[in-house]
Amino acid sequence: MPQRTDLYTVLNSYARKNNSPKIDMETFIAFLEKYSKRICEEKPEWTKWTEETGTRVWMDINRLVEDGKANIHNDETGSWVYLSHYFVEQIKDAYRNPDKESDIPFPDEISLNIEIPPEQIKSMDASAALPHFLEQPQKEWLPMIKLVFPNDRGIALLAAPMIPNTLLEFSVLKIRGYLNRRGNKDFIQRKLSPRLTSKENYLQETIDKIMLRPADCLNDIKAGREISYSFWAHFCNLVKNDLNQKKELLSEELGALQSIYIIEVCSSFFKNKAVKTRETELAFKNFELEMEKPPYYFSRETIAKFKDNKGVPLLGVYTQDGLDAYIKKRVSDPVTPKELPDLLFFYTEDKQAWLIKKTKLLPLCARLLTEARPVIIKTISRRWKKMFKEFIRENAMDDDREFERLVSSYVEENAPMLKALLKDKRLYLIHEEMQTGGKEIHESSRFFQKNELLPLHILLLIKRKQLLSDIKLLMPFWYTMPVISNIVAFFTNLGKKKKKLSLEEKSTGKKETEDPLKELRKNAAESIVKLIPPGKNIDSCLDDLASRWGLLINKQAKANLVEDVNSLIRDKLRQLLRIHKHRAVSTNTLDNLTNTIMDTKGLLKISEQNNLFQYIKLYIAKLLINRTIM
């Protein structure tokens, strides 16, 4: 009986003694109780089985069933247990001493004195089926394999996990045993020398490895080296032809011949695997080169169509699953913990995923900015030309912040990829990573100042005043000269107004006699919505703006200055409205009125002109809405 007293070890020993994995529990319990009582004085560890033996056995049996080591069956003869791993462990035991087994054939059912049920073992041809098994090992394969050698040269029983490592290790050791006998080593070396011309040194080195360092020889086979494959191809062919000529083989010769079949298949498999690995590695290097080419950002569909420099599709050299795994690793694992991964996914507003190489992100942004610049300039120019022709003016023409909003909206519309990249926080991280890493950043890729992204109109090199100037040069002067354009706009709109009133009079038979500034006040109310931020009112906005341009420390002096400006605005507005009282007011008209008032000599002395402009425009709107003027 075994030294260990756990139930599984005892059951396994009992099964081997009876040469069967099927154990009758009533007989086994009686045996265990009797044996334990007899030996417990000499070996006290067996005492636990001397009392309540049946109860203890069944408790432990249930644990073995949960672990998959045993199955319980009941039939008319009683209860019995079947040890699931009985035959597998028998086979594993046969492979525990490779040096001891090197001069005999591989173990089979006869040498192990077992008979494995057909449903528990898979038969496999060593020459035909083994290569397929190595290429695509199946998880659902049975735990035991019966490897059948060609020409009735026996079989080898194996546990499936032993293929190929244990199988190949035993094969190399059996070849070493073969070379050690009857001058076989000298015979092989003499026969192979003419076949491996110019490789005599390698021939001697490999034979020495087989004899003295079989583990190194095994590693050469697994590495799939071309020269190792060439040696074994000639060696296997020579030994196979020599031994197959004999009608009867000695024990060590049969083991060597079986090993030849195995090494022949495994050597070819590992060589092909190495070639495939090199091809795949080269394909992924070509993938990396494609990622560095314009346009620098790629969809999954585009990546699937990558080709090498010979026009051969890369998808086919590597599989789709291999590509997905490679990309997943590259977007997940940074080179160092403080760096971003080499490949990054970016997403546009439509949820489209784009893969970009980290080192190409800054050049890509610079490229997209260059491409977007003429498009944005053309779009804004077209917009402003149309507005000038209609004698309309918008805030973006005079205010940099409004101009930035306009540019941003057109970038989002015309260059969504650029917008997505500039909004992503990783752009700053990469910018900093390159700076701290000592990598050169091209001047066109310097997008940040004091840790803040530069405004879009600066990145695009679009100057508001220059753009306005260029547009005005291409238009008739009466559209762009403020005085003339105001007069032309007045008479144009007046004609439209009269025509509209004439049509209304014809249809209703009545003439408009209501407030002449009704339309003016209505449109001012609509425009003011655009001027006041959410959550604020007119007065709070006016106070805020007044504090920005009224830069006086003395509160009374500051209040007097604000009142003087308000009085001036009211006086000037009354004068202007005598001319414009029948003209519809839009935000642009408010801008025109404000610009005219801003030209007053006293107001030009105030330094904060932008804040004063916003104040005057908002104050005019308040006067119109509250009917406190005219």
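In H17, the buried residues are Met 417, Leu 418, Lys 419, Ala 420, Leu 421 and Leu 422. Buried here means under 20% relative accessible area, exposed means over 50%, and partly exposed lies in between, with a 1.4 Å probe and protein chains only. Helices (H or I, at least four residues) and strands (E, at least two) are DSSP runs, numbered from the N terminus. Helix H17 covers residues 416-423, and six of its eight residues are buried, so it is largely enclosed by the rest of the structure.

Before I continue, a word on the model. It is a predicted model, in which local features need pLDDT of at least 70 and side-chain atom pairs count only at pLDDT 80 or more, while totals for chains, interfaces and linings use all residues. Residues are numbered from 1 along each chain as its sequence is written, and side-chain values use heavy atoms, with hydrogens and water left out.

As to the whole, the protein chain has 27 helices and 11 strands. Of its 630 residues, 44% are buried. The chain exposes about 35300 Å², and carbon and sulfur atoms supply 51% of that area; accessible areas come from the Shrake-Rupley method with a 1.4 Å probe, and for residues only the protein chains shown count as cover. Contact means heavy atoms within 4.5 Å. Among contacts between residues at least 6 apart in sequence, 65% join residues at least 24 apart.

Which residues touch the most other members of the largest nonpolar core? They are Phe 28, Leu 147, Phe 231, Trp 232 and Phe 235, in a core of 85 residues. Helix H12 (residues 251-291) contributes the largest share of this core, 10 residues. A nonpolar core is a set of buried Ala, Val, Leu, Ile, Met, Phe, Trp, Tyr and Cys residues joined through side-chain atoms within 4.5 Å. Leaving aside neighbours within four places in sequence, Phe 235 is in contact with Ile 175, Leu 179, Ile 188, Leu 192 and Ile 260. Another core lies apart from this one; it has 47 residues, including Tyr 297, Met 387, Met 397 and Met 434.

Next, the sheet. Three strands form an open sheet in the order E4-E5-E6, with mixed pairing. Its edge strands are E4 and E6, each of which pairs on one side only. From one strand to the next, the twist averages 25 degrees; axes are lines fitted to C-alpha atoms, for helices over the stretch in contact, and angles run from 0 to 180 degrees between N-to-C directions. Two strands pair if DSSP finds at least two bridges between them. E4 (residues 121-125) and E5 (residues 144-148) pair in the parallel sense over five bridges, and Ile 121 has Met 144 in E5 as its bridge partner. E5 and E6 (residues 155-159) are antiparallel, again with five bridges. Leu 147, already met in the largest core, has Ala 156 in E6 as its bridge partner, and Met 144 stands opposite Ala 159. E5 and E6 form a hairpin with six residues between them, and Asn 151 in the turn has a positive phi of about 60 degrees.

A further hairpin is made by E8 and E9, with five residues between them; here Lys 351 in the turn has a positive phi of about 70 degrees. E8 (residues 343-347) and E9 (residues 353-357) pair in the antiparallel sense over five bridges, and Phe 346 has Trp 354 in E9 as its bridge partner. Four of the five residues of E8 are buried, so this strand is largely enclosed by the rest of the structure.

Finally, the aromatic rings. How many aromatic pairs does a search of the whole structure find? It finds 23. Rings of Phe, Tyr and Trp (its six-membered ring) pair if their centres lie within 6.5 Å; planes under 30 degrees apart count as stacked, over 60 as edge-to-face and the rest as tilted. Tyr 428 and Phe 448 form an edge-to-face pair, 5.2 Å centre to centre with 70 degrees between the planes. This pair links helix H18 (residues 426-436), which holds Tyr 428, to strand E10 (residues 448-449), which holds Phe 448. Tyr 428 is partly exposed at 23% relative accessibility, whereas Phe 448 is buried at 17%.
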